[in-house]
Each structure stands twice: as C-alpha cells, then as structure tokens.
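The sequence and the structure are shown below.

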Amino acid sequence: MIALPDLVAKPKPPATSRLLNRDPAERDPQNPIVATAQIVADPPIVAFEGVTPGAAATLRRKLLNTSERPLRMHLLRPSTRLFSATFSKRGLVPPGMAEEVDVTFRAPAPLEAMTLYTDEIRVHAEGGSLVVPLHAYPVASGLELPSRVD
C-alpha cells in the first residue's frame, strides 16, 4: 500500500530574486547610488557646476569592472533632452578595466536661476545594476556681501 504523504507534492521553496534579497540600503529610493559588486562609477555622481546659458559642457566618467571576470555593460542613456551620453561599446570589459562614458549637458538659453537639473544613467550587467545620478546647476552670480556685519 502507498502512503498518502508520498502522493502529495512537496511545497516549493519561496522564489528568490537578486533584486528582492539585496541589502536594504540598496532598495532605498532616497539612496539610488548603488555600487554593485561588479560595477563602480568613478566618480559616483556626475555634477556640472556653474553652467552657462546656451552652452554645452562635457565630462568623461569611467564605469569600472571590479569583478573577477569580463562583463558586458548595457547603458541606458538619460531620458531628458538636456543630458546626453555617448560611449564606444567594446563588448566584454576585462576585470580591472573601465568603459568610458562622455556625458554632455546642454543648458537651456534662458537659464532659470537656482534650478537643479537632474537625470540619471542606468548601467546593467550580468551581476547587477547601477544608477549614476546626473546633476547640473548654475552658480549664483552677482552676490554681494557686506565687508562687515553689525
């Protein structure tokens, strides 16, 4: 005779996901700068300081492969028209090497004072994802302070 427990299917273990089992600091929407174990942005934030109206500024940044094996990086470009990113995709990036990304900010001609322009670049690889924040802001000009405060 066959025992009843042998006929009943065993329950499946809960589904696991690398996205769900990450460190809580990585899931925090207020802290999107996440360096995965495989990719590190150098520097972690791209900041255009003191932009001039109607001009374009370009910064070159590196996405470093810190894993022990070659990685293929997929870059999702910025979504706004003010920021753009260009890079030469080389295929597999060897360990210790970096993919260089040129980030350009084109400031609007009537630049609004005290406006922070933001966007992001998303980098996907086999081992995880990385968000690189982009910021651009004008510098306050014509600020006059008294030489002596009473």
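## Overall composition

The structure is a predicted model. The chain contains two helices and 10 strands. Along the sequence, the elements follow the pattern α-α-β-β-β-β-β-β-β-β-β-β.

Of the 150 residues of the chain, 28% count as buried. Contacts between residues at least 6 apart in sequence show how the chain is connected: 63% of them join residues at least 24 apart.

## The antiparallel sheet

The pairing of β1 with strand β3 (residues 56-65) is antiparallel and runs over four bridges. Within this pairing, Val40 stands opposite Leu64 in β3.

## The mixed sheet

A further open sheet of four strands has the order β2-β10-β9-β5, and here the pairing is mixed.

β2 and β10 pair in the parallel sense, over four bridges. Glu49 stands opposite Tyr137 in β10.

## Aromatic pairs

How many aromatic pairs does the count give? The count comes to four aromatic pairs. One of these joins Phe83 and Phe105, whose rings are 4.9 Å apart centre to centre with 45° between the planes, a tilted arrangement. Phe83 lies in strand β6 and Phe105 in strand β8 (residues 98-106), so this pair ties together parts that are 22 residues apart in sequence. Are these two residues buried or exposed? Phe83 is buried, with a relative accessible area of 3%, and Phe105 also counts as buried, at 1% relative accessibility.

Phe105 pairs with Tyr117 as well: the ring centres are 5.6 Å apart and the planes stand at 45°, so this pair is tilted. Because Phe105 lies in strand β8 and Tyr117 in strand β9 (residues 117-125), the pair ties together parts that are 12 residues apart in sequence. Tyr117 counts as buried at 11% relative accessibility. Phe48, Phe83, Phe105 and Tyr117 form one aromatic cluster.

In soluble globular proteins, nonpolar side chains tend to be buried together. In this model, the largest nonpolar core has 25 residues, and those that touch the most other members are Ile39, Phe48, Leu63, Phe83, Phe105, Ile121 and Val123. At least two residues of this core come from each of β1, β2 (46-49), β6, β8, β9 and β10 (128-137).

Phe105 illustrates these surroundings. Not counting residues up to four places away in sequence, Phe105 touches Phe48, Val51, Ala55, Ala56, Ala57, Leu82, Phe83, Tyr117 and Ala136.

## A buried glutamate: Glu99

Glu99 lies in strand β8 and counts as buried, at 4% relative accessibility. Which residues are in contact with Glu99, leaving aside its neighbours within four places in sequence? They are Arg61, Lys62, Leu63, Met73, Phe87, Ser88, Lys89, Arg90 and Val93.

The C-alpha atoms of Glu99 and Ala41 are separated by 9.7 Å, while the two residues are 58 residues apart along the chain.

## A buried serine in a loop: Ser67

Where is Ser67 found? Ser67 is in the loop between β3 and β4 (71-72). At 12% relative accessibility, Ser67 counts as buried, because the cut-off for that class is under 20%.

The side chain of Ser67 is joined to the side chain of Asn65 by a polar contact of 2.7 Å. A polar atom of the Ser67 side chain also lies 2.7 Å from the backbone oxygen of Arg69.

How values were computed: Residues numbered from 1 in each chain as written. Predicted model: local features only at pLDDT ≥ 70, side-chain atom pairs only at ≥ 80, totals over all residues. Heavy atoms only, no water. Pairing = 2+ DSSP bridges. Phe/Tyr/Trp six-rings, centres within 6.5 Å; stacked < 30°, edge-to-face > 60°. Buried < 20%, exposed > 50% of the residue type's maximum accessible area, 1.4 Å probe, protein only. Contact = heavy atoms within 4.5 Å. Core = buried A, V, L, I, M, F, W, Y, C linked by side-chain atoms within 4.5 Å. Polar contact = N/O pair within 3.5 Å; in protein donor to acceptor, adjacent residues only side chain to side chain.
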